[in-house]
Amino acid sequence: MTKRERVERAYALEPADKVPFVRAVDEHKARLVGRSPSEVCRSLDLLLEALERELELYDPDALTVGLDVYNVEAEAAGCEVRYFGKEPDVPAVVGPLLAGPGDLGRLGRPDPARDGRMPLFLEAAGRLQRARGRDMVVRGALTGPFSLACALAGTEEVLVATVEDPAFVRRLLDFAAGVAADLGTAFLERGVAPVVFDSKASPAAASPRVFRDFVLPAYRDRVFPALREAGAGTVPLIVGGDTTPILEDLLATGAGQLLCDAGSDVGLFARRCREEGRPLRVSVDARLVHTGTPDAVREEAGRLLRATAGQPGLLFGCGVVAYDCDPRNVLALREARDGLAAA
C-alpha cells in the first residue's frame, strides 16, 4: 500500500495496513540539513533539500510544505518578520501591522503568486507534488484566520475587541479568511492539499466564546466552502493544546479532519469523530518528544495507539517537533506505529 493510499483510506474511514504517520515537523526540518530556520525558510533549494531529508529520515505518510508557518501570510500582507541568520531561533512577526480599526481599510489582500514568500512555498510544494505526489499526499501549510488576525492587529488587541468592537474583529477575520482561501486555492491549483494551522484559536489563547462567536463562522462560512469550491477534499484543521472545550465547535466548522492534541480528552474526541464520520489525528505530547527518551516516547505512543485501536479514520503523530529535538525520538513514534501494526 502506498503512503497516499494509506492516508486516503483513513480519510474515507476505511481500514489500511497501518495507521498513517503524520507528525508536525516545521523548523526542525532545517536542523536535518544543518541550517537555521531563517536560512531554510527563504531558500527554495534549502527548503526542498530539507523536505527530502525529512522524508528520507522519518518516512512519514504525508509531507507538509511549511516551516515558520504563522509568518508567511502575515509577511505577505505587510508585517515585518525578524530573521535570525544562522541562529536556531524561529523567525517571528515583529509587531502588529494595524494600529487600530481605522487601519483595516488600508489592508490589501496579498497575491500568492507575487507577494512575500508565498511564491517560494508554492513553488516548493508544486515541485514536490510533481516528484512525489503519485505515491504520497503533499500538503501546503495555511495560517488560520484567527492566528493571522492576531499577527496583523495584536493578540491582546483582538481579544479585547471581541468585547469592545466585535464588528472590527469580524471584518478582520473576513479579510484573514480570504487570505487563507487564496493561498489554499493556489496550492490546490498545483495539486497540493491544504492543511490549516490556527494555534491562536486554542482555548489556551482564546476563550471558547471567542471560538464559537468569531472563529467558527470564519471557517464554516468562508474558509472551508471556498476551499471545497476550489477542489479540496479532506482539509485538516490543526488547533493545538487541550481543545476539548471547543470540540463541538471544531466539528461544526466543517473541517475534514480534527486533531486531538496532548491534554485533550482522547475518548471523547474518538467517540464524537466516530459519530460524525470525521477522521481524527491523535498526537503524542511534543514536550515528551523533545525532552524524553526514545523508550519513553515509544511507550506513550503505544499507549495512545492502543487506546484508539480500531478508530475509523485514525491518523497518528505528535505536536510541533522542536528545532533541536533528538531525531531518535521522532523515529520512536514511527517505530511504535510499525510495531503495533506488525503485532
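Biologist: Which residues of strand 1 point one way and which the other way, and are they buried or exposed?

Modeller: This is a predicted model, in which local features need pLDDT of at least 70, side-chain atom pairs count only at pLDDT 80 or more, and totals for chains, interfaces and linings use all residues. Residues are numbered from 1 along each chain as its sequence is written, and side-chain values use heavy atoms, with hydrogens and water left out. Strands (E, at least two residues) and helices (H or I, at least four) are DSSP runs numbered from the N terminus, and buried means under 20% relative accessible area, exposed over 50% (1.4 Å probe, protein chains only). In strand 1 (residues 62–65), all are buried, with Ala62 and Thr64 pointing one way and Leu63 and Val65 the other.

Biologist: Which residue in strand 4 stands opposite Thr64?

Modeller: Two strands pair if DSSP finds at least two bridges between them. Strand 1 and strand 4 (residues 137–143) have four bridges, in the parallel sense. Opposite Thr64 stands Arg139.

Biologist: Why do the buried residues of helix 8 lie on the same side?

Modeller: The buried residues of helix 8 (residues 155–164) are Val158, Ala161 and Thr162. On the other side, Glu156, Val163 and Glu164 are exposed.

Biologist: Which element gives the largest share of the lining of the largest pocket?

Modeller: A pocket is an open set of points on a 1 Å grid over the protein atoms alone, where a 1.4 Å probe fits, with protein on both sides within 12 Å along at least five of seven lines; lining residues have an atom within 4 Å of a point. The largest pocket has 41 lining residues, with Asp26, Tyr70, Ser199, Lys200 and Val320 nearest its centre. Strand 3 (92–93), strand 8 (280–284), helix 13 (286–291) and helix 7 each give two or more residues to this lining. The largest share, three residues, comes from helix 7.

Biologist: Which element gives the largest share of the lining of the second largest pocket?

Modeller: Among the 21 residues that line the second largest pocket, Ala16, Lys18, Val19, Gly310 and Leu314 lie nearest its centre. Two or more residues come from each of helix 1 (3–11), helix 14 (294–307) and helix 15 (327–342). The largest share, three residues, belongs to helix 15.
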